[in-house]
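Please read the following report with the sequence and the 3D view open beside it.

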Amino acid sequence: MSVPRIDDFEDMFDNAPCGYLVLQPNGRVARINRTMLGWTGYTADQIVGKRFSDILTIAGRIFYEIHIAPLLRMQGFFNEFAIDVLGADGKPLHMIANALEGRDAEGKPLFVRLALIKATDRRLYESQLLQARDAATISLANERATSELREQFIAVLGHDLRNPLASISAGARILGREAKSDREHQVVAMLQSTVMRMAGLIDNVLDFARGRLGGGITLDRNASAPLEPVLHQVIDELRLSSPGRQITEEYSIDVPVDCDRSRIGQLVSNLVGNAVTHGSSSQPVTVNASTEKGVFKLTVCNGGEPIPEEAMTKLFEPFFRGKVRASRQGLGLGLHIASQIAKAHDGTITVSSTARETCFKFVMPLR
Amino acid sequence: MTDGVSGKIEMNVTARNNVRVRGSGDRAMMFAHGFGCDQNMWRIVEPAFEPDFRTVLFDQVGAGGSDLGAYDKTKYATLGGYADDVVEIGRELGLKDAVFVGHSVSAMIGALAVQKEPGMFGKLVMIGPSAKYINDGDYVGGFGASQIEELLQFLEANHMGWSAQMAPMIMGNADRPELGEELTNSFCRTDPEIAKAFARVTFMSDNRADLPKVDVPTLVLQCSEDVIAPQAAGEFVHRSIPKSQFVLLEATGHCPNLSAPDEVITAMRAFV
């Protein structure tokens with residue numbers, strides 16, 4: 001074998017690091033280089049004069065005739081197409097190819113030149129990526145479907161629990177009117193506070209499910225109705241269900257607040273409920289609300305152990321629960337929903353917690 | 001506008017199928033591309049008829065500049081769905097006694113459209129038609145059932161390979177600046193998922209029974225050495241359509257409208 005020269009074009013074609021094919025305008029092979037012959041296992045006699053289609057797989061043949069060939073005629077080139085060439089042993093060779101059409105002065109086709117590179121590994125990698133992607137897509141769709149089903153179930157359950165609860169509440173009210181002894185009053189008060197707690201849990205669950213199913217917290221804003229009475233009532237109810245605990249209120253709401261009053265009530269109830277549950281029972285829970293400088297500000301503070309550092313970042317996440325005894329545990333949704341209500345009002349809830357006191361502050365812009 | 005039957009809002013047909021109307025004349029000529037391409041494949045043949053005909057070009061839904069959002073799996077599960085689109089375009093443009101030029105599978109779509117709306121098309125030109133691609137007893141379609149299955153499975157398993165081919169990102173060729181910006185707009189774009197479905201509809205189709213009912217003059221243009229629609233298939237189409245003529249072109253391959261446009265134009269002129 002002679003030593004190849006650097007400018008030997010014949011050798012450059014024949015022993016190129018890629019396969020070369022030259023086709024006549026009728027699609028028949030005019031030349032094929034040695035590299036390609038080596039890869040496919042054919043001899044030149046077997047290929048020259050045959051249609052290029054003949055050494056492609058069925059898919060490749062169809063693809064070439066209805067897509068590559070027309071595009072070559074239209075734009076003169078077609079780069080980076082994947083194609084499977086049939087080897088002499090009948091096995092497909094996965095390749096990537098570029099094609100270029102040579103034309104005469106009038107634009108009539110003279111030949112097509114093809115450069116082909118083996119791409120077995122690359123094609124394998126691609127097809128594995130695709131399979132993984134397909135599997136992930138299906139898996140995701142399944143997860144979403146299951147998740148939606150679960151949340152719909154929660155919503156229905158929450159809804160269905162309300163009726164029995166309303167009955168108990170009504171019954172407790174009736175009993176309360178007829179209660180005579182202290183003991184009876186105590187029991188009725190406990191019933192009512194328990195009912196309230198359950199109602200709160202169910203409301204939180206429903207809000208959460210609704211939020212996840214895409215409804216979000218919808219607001220029914222009203223700028224004219226006063227806010228103070230609602231706050232007062234919410235806190236009164238909490239006082240009722242937390243006997244022995246002191247909850248102080250201080251309001252200076254000087255301008256109308258354009259908000260959804262019942263939602264703000266819910267927010268306050270969640271914050272104050274938390275303060276009562278987690279705060280020191282020997283110190284009062286303080287609630288301050290005011291309007292100033294274009295914002296409505298509401299702060300709920302309690303004494304007792306500060307919130308641990310690691311809990312601070314997770315406070316507003318759904319299902320995050322602090323450490324309290326089981327009978328006082330909620331679902332971990334109260335703060336999450338409170339923050340969602342704040343967000344719906346274009347506001348924020350922030351928290352600061354020291355050994356002296358823990359304060360949750362809700363701020364929203366006045367419209 | 002609402003469709004009383006399904007309640008869906010009717011799509012603007014011109015937008016859905018990227019319809020272009022050119023030329024001028026008493027009669028109209030509608031060009032329908034086949035699988036694997038879009039209306040750009042008529043770029044050499046269509047202009048030749050603009051002086052004498054109102055020419056209509058469009059993209060099948062899923063190809064070229066058509067509205068991919070309009071693709072409906074159920075509707076386009078048969079060639080009849082595509083024929084409905086053709087009829088809708090014809091109605092929108094008020095076509096009567098027009099010429100329908102269908103390449104490859106669109107030749108059969110034309111045969112169906114002719115029957116759905118008699119009078120809309122007065123003449124049919126079929127380029128590289130095949131009534132059925134899979135062999136059946138004595139009938140030669142050119143492919144064995146297992147080969148078509150191999151093709152469809154290849155599309156399933158290798159769809160990136162196919163989609164890299166079928167939806168090419170055609171970059172401007174830096175070596176050939178004279179090719180210009182236009183070519184970066186990738187001719188023959190098609191959505192890979194829709195292409196898979198269209199391939200199945202096309203290659204599993206059997207329109208042999210529809211052909212005897214085509215009662216308009218039909219020109220069958222057959223390429224020499226067409227591996228997709230071999231001569232036996234073209235001859236079958238010719239034999240099955242009562243008022244048909246058969247012309248064997250010297251052109252080879254499946255797209256003579258691109259590889260031998262002069263031959264196609266000449267044959268068509270003699271017919272229309």
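The report below describes a predicted model.

**Chain A and its sheet**

Chain A has 367 residues, and 40% of them count as buried. Its secondary structure comes to 10 helices and 10 strands. Among contacts in chain A between residues at least 6 apart in sequence, 56% join residues at least 24 apart.

Five of the strands, in the order β2-β1-β5-β4-β3 of chain A, make up an open sheet with antiparallel pairing. In general, the strands of a sheet are paired through hydrogen bonds of the backbone, and the pairing may be parallel or antiparallel. Which strands stand at the edges of the sheet in chain A? They are β2 (29–32) and β3 of chain A; each has a single partner strand, so one side of each lacks a neighbour in the sheet. On average, neighbouring strands of this sheet are turned by 25° against each other, with direction ignored.

| Strand pair | Sense | Bridges | Residue pair |
|---|---|---|---|
| β4(A) and β5(A) | antiparallel | 9 bridges | Asn98(A) and Ala115(A) |
| β1(A) (residues 19–23) and β5(A) | antiparallel | 5 bridges | Tyr20(A) and Ala115(A) |

Ala115(A) in β5(A) is the bridge partner of Asn98(A), and Ala115(A) is also the bridge partner of Tyr20(A).

α4(A) runs across β1, β3, β4 and β5 of chain A, at about 160° to β3(A).

**The sheet of chain B**

Chain B has an open sheet of 7 strands, in the order β1-β3-β2-β4-β5-β6-β7, with mixed pairing. At its edges are β1 (20–23) and β7 of chain B, each of which pairs on one side only. From one strand to the next, the twist averages 20°.

One parallel pair in chain B is β2(B) (residues 27–32) with β3(B) (residues 53–58), over 6 bridges. Within this pair, Arg27(B) has Phe53(B) in β3(B) as its bridge partner. Helix α2(B) (residues 79–93) packs on the sheet and touches β1, β2, β3, β4 (98–103) and β5 (121–127) of chain B; its direction makes about 140° with that of β3(B). Another helix, α9(B), lies across β2, β4, β5, β6 (218–224) and β7 of chain B, and runs at about 160° to β6(B).

Two or more lining residues come from each of α4 (58–75), β4 (92–103) and β5 (109–118) of chain A, and from each of β7 (244–252), α8 (256–259) and α9 (261–271) of chain B. Which element gives the most to this lining? It is α4(A), with 6 residues. By type, the lining divides into 15 nonpolar, 9 polar and 11 charged residues.

**Cavities**

How many cavities of 30 Å³ or more does a search of the whole structure find? It finds 2. The largest cavity has a volume of about 70 Å³. It is lined by 14 residues, and Phe35(B), Gly36(B), Ala63(B), Thr190(B) and Phe198(B) are the closest to its centre. Helix α6(B) (residues 192–203) gives the most to this lining, with 3 residues. The lining of the largest cavity has 8 nonpolar and 6 polar residues, and no charged ones.

**One residue in chain A**

His278(A) belongs to helix α8(A) (residues 261–278). Is His278(A) buried, partly exposed or exposed? Its relative accessible area is 39%, which lies between the limits of 20% and 50%, so His278(A) counts as partly exposed. His278(A) and Gly303(A) are 25 residues apart in sequence, and their C-alpha atoms are 9.0 Å apart in space.

Conventions: Residues numbered from 1 in each chain as written. Chains lettered and ligands numbered in written order. Predicted model: local features only at pLDDT ≥ 70, side-chain atom pairs only at ≥ 80, totals over all residues. Heavy atoms only, no water. Helix = DSSP H or I, 4+ residues; strand = E, 2+ residues; numbered from the N terminus. Buried < 20%, exposed > 50% of the residue type's maximum accessible area, 1.4 Å probe, protein only. Nonpolar A, V, L, I, M, F, W, Y, C, P; charged D, E, K, R; others polar. Pairing = 2+ DSSP bridges. 1 Å grid on protein atoms, 1.4 Å probe; cavity = no way out; pocket = protein on both sides within 12 Å on 5 of 7 lines; lining within 4 Å. Points joined across faces, edges and corners; volume = space filled by probe spheres on them. Axes fitted to C-alpha atoms, helices over the stretch in contact; angles between N-to-C directions. Contact = heavy atoms within 4.5 Å.
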